[in-house]
Amino acid sequence: MACSPPNDAHESDHAGVLTETESGHTVAFTLHSYVDEYNPKQSAKVNFALTKIVDGKTKLLDSATVKYGDYAVFEDITGAYSVVATATGLNGEKDTLYGVDVLKRNDVDTVYVHVQEPATLKISTSYTETVKSSHGEETQEIFSEGSTLCITGTLTCKKISKDDIKRGYAIVKNIPLFDNDDYVKQIEIQSGKELRTLGVEWNFSAGDTLYASDAFIAEKTLLDFDFKLPESDMYDTIGGAVIDSLIVPVKIADDDFYHYNWKADFFLDQLGNVISTSSKKKDLLNDTTLYWIVVPKMDPTAKLTLASGELKDSYTYNRLRAYWPEVETDTLWRWIEVFEDSSFAISFWLELDSLADSTVLLGNCDSLGFEIRRCQKDSTAICTRIYNGIDTASTDSIEYGKASILDGKRHHYSLAIHKKHLTIAVDGVTIRDTDLKLSEKFYSVEGIRATPGLAKDILFYSFGDYIRYKGDRSWTRLKAWLYAFYEMQKDI
């Protein structure tokens with residue numbers, strides 16, 4: 001649009017050319033009259049800030065504050081520049097709206113800038129970039145305490161604090177939105193005298209919060225899920241109410257789970273970690289889907305966010321290996337490589353008043369195996385046997401974890417083996433906790449088999465070394481994990 005500002009702000013615009021000097025153009029800025037249900041006519045004043053990128057960094061050239069409807073005029077403008085408009089309402093900062101426009105040509109004399117509700121950025125402080133060195137390509141973190149992050153062309157900056165580093169992400173507020181349907185394509189990171197720029201492709205909408213890291217860009221947040229860690233005295237023993245890598249169920253109505261063509265739907269935790277959802281169960285009757293999610297750290301109150309955006313290629317070590325809602329055939333998985341730390345667990349639900357077939361679940365390998373079955377000397381109870389030898393039939397006669405749960409009620413059973421330690425929990429309560437005399441550690445399980453129609457919601461998963469910190473004298477951390485795991489799913 002090329003037009004000269006009217007003498008009276010209330011007169012209609014008319015075409016014309018503003019004064020051009022030998023060194024550049026004279027450019028006038030004004031607000032568009034109505035954008036996104038916000039009416040700048042209610043604004044008391046408008047500030048226009050003219051910026052330009054100099055040596056890779058956004059620099060403020062000039063600024064002017066005018067009444068709404070008036071023009072801000074800047075002279076001797078050359079090259080590419082951007083303008084940030086701030087419209088402050090009659091009620092003060094509560095009504096402040098922001099807009100930014102980028103002009104890459106210098107033959108347009110009048111620019112109409114839209115203003116709208118500002119956006120917020122949550123960016124991971126462990127954001128990395130790939131750099132070339134004498135050793136080839138390497139990745140390095142770009143944020144450090146005291147560094148400053150700026151959105152190019154907007155004058156919006158955030159100094160990275162110690163708390164930001166500890167929390168895992170920094171919050172950048174009041175980001176003005178581009179009016180030309182362009183993406184934010186660059187951010188600036190100033191660390192002392194060192195300035196680096198990082199190319200990005202971020203697309204904000206009015207009022208949105210964008211979550212970004214080197215692994216994902218979450219353009220929309222769809223749903224939030226709040227969790228409460230169940231109360232337990234065991235947390236005092238393990239140093240606080242925090243459970244690492246807890247598996248939790250999330251049930252979502254199908255109408256609330258969106259798919260945006262090329263975009264992905266994924267979960268984020270409070271630190272901005274991407275959480276994979278590799279296992280789920282469809283409920284056709286209620287039009288819902290159950291998702292099992294591994295939360296890196298579960299605090300007394302935790303929140304997950306279902307987001308939509310671009311999920312970049314990244315490897316996540318998922319400790320939830322398999323999930324079977326129902327058992328339709330006797331063999332669930334022919335061969336499973338157990339996790340590198342020789343740690344695995346299998347959990348399921350039972351609701352039986354008797355057990356005709358003695359075996360519920362069976363898993364073996366060349367020299368080790370396990371069987372969860374009806375106890376030999378008590379037909380109302382479930383026990384576990386551990387196979388330990390080349391010939392799996394020649395094993396010890398010990399039956400571990402006897403549980404009288406064949407009573408017609410719904411019960412949860414967990415068998416966990418971490419290296420050479422066995423823990424069995426029923427309905428969240430540990431009933432057997434002992435070291436095993438194994439000939440070797442479990443590194444694979446071949447042919448996990450189950451009797452159809454007995455166990456439901458079978459989960460095969462693993463723990464890492466976090467389940468027993470170095471120096472721990474007990475297995476309370478594992479017991480607390482199994483307890484919380486049961487409590488989080490008992491009502492689904």
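## Terms and basis of the model

Two strands are taken to pair if DSSP finds at least two bridges between them, and the strands themselves (E, at least two residues), like the helices (H or I, at least four), are DSSP runs numbered from the N terminus. The model is predicted, and local features need pLDDT of at least 70, while side-chain atom pairs count only at pLDDT 80 or more and totals for chains, interfaces and linings use all residues. Residues are numbered from 1 along each chain as its sequence is written, and side-chain values use heavy atoms, with hydrogens and water left out.

## The chain as a whole

The protein chain holds 37 strands and 3 helices. Of its 492 residues, 50% count as buried, a term that stands for under 20% relative accessible area, with exposed meaning over 50% and partly exposed in between (1.4 Å probe, protein chains only).

An open sheet with antiparallel pairing is formed by 6 strands in the order β26-β37-β28-β33-β34-β35. Its edge strands, β26 (320–324) and β35 (429–435), each pair on one side only, and the twist averages 10 degrees from one strand to the next, where axes are lines fitted to C-alpha atoms, for helices over the stretch in contact, and angles run from 0 to 180 degrees between N-to-C directions.

Within this sheet, strand β28 (residues 343–350) and strand β33 (residues 411–418) are joined in the antiparallel sense by 8 bridges, and Trp349 stands opposite His412 in β33. Helix α3 (residues 476–489) packs on the sheet, where it touches β28, β33, β34 (421–426), β35 and β37 (456–461), and its direction makes about 150 degrees with that of β33.

## The sheet of three strands

Another open sheet, of 3 strands with mixed pairing, has the order β6-β3-β9. Because β6 (72–77) and β9 (110–113) stand at the edges with a single partner strand each, one side of each is left without a neighbour in the sheet. Here the twist averages 25 degrees from one strand to the next. Strand β3 (residues 25–31) runs antiparallel to β6, to which 4 bridges join it, and Val27 stands opposite Phe74 in β6.

## Aromatic rings and charges

A search of the whole structure finds 15 aromatic pairs, counted where rings of Phe, Tyr and Trp (its six-membered ring) have centres within 6.5 Å, with planes under 30 degrees apart called stacked, over 60 edge-to-face and the rest tilted. The rings of Phe344 and Phe460 are stacked, because their centres are 5.8 Å apart and their planes are at 20 degrees. Since Phe344 lies in strand β28 and Phe460 in strand β37, the pair ties together parts that are 116 residues apart in sequence; both Phe344 and Phe460 are buried. Elsewhere, ring pairs link Phe29, Phe48, Phe74 and Tyr81 into a cluster.

A charge is said to sit over a ring if NZ of Lys or CZ of Arg is within 6 Å of the ring centre and within 35 degrees of the ring normal. Arg410 lies over the face of Trp349, at 3.6 Å from the ring centre, and the charged end of Arg167 sits over the ring of Tyr169, 4.7 Å from its centre.

Technical notes: Contact = heavy atoms within 4.5 Å.
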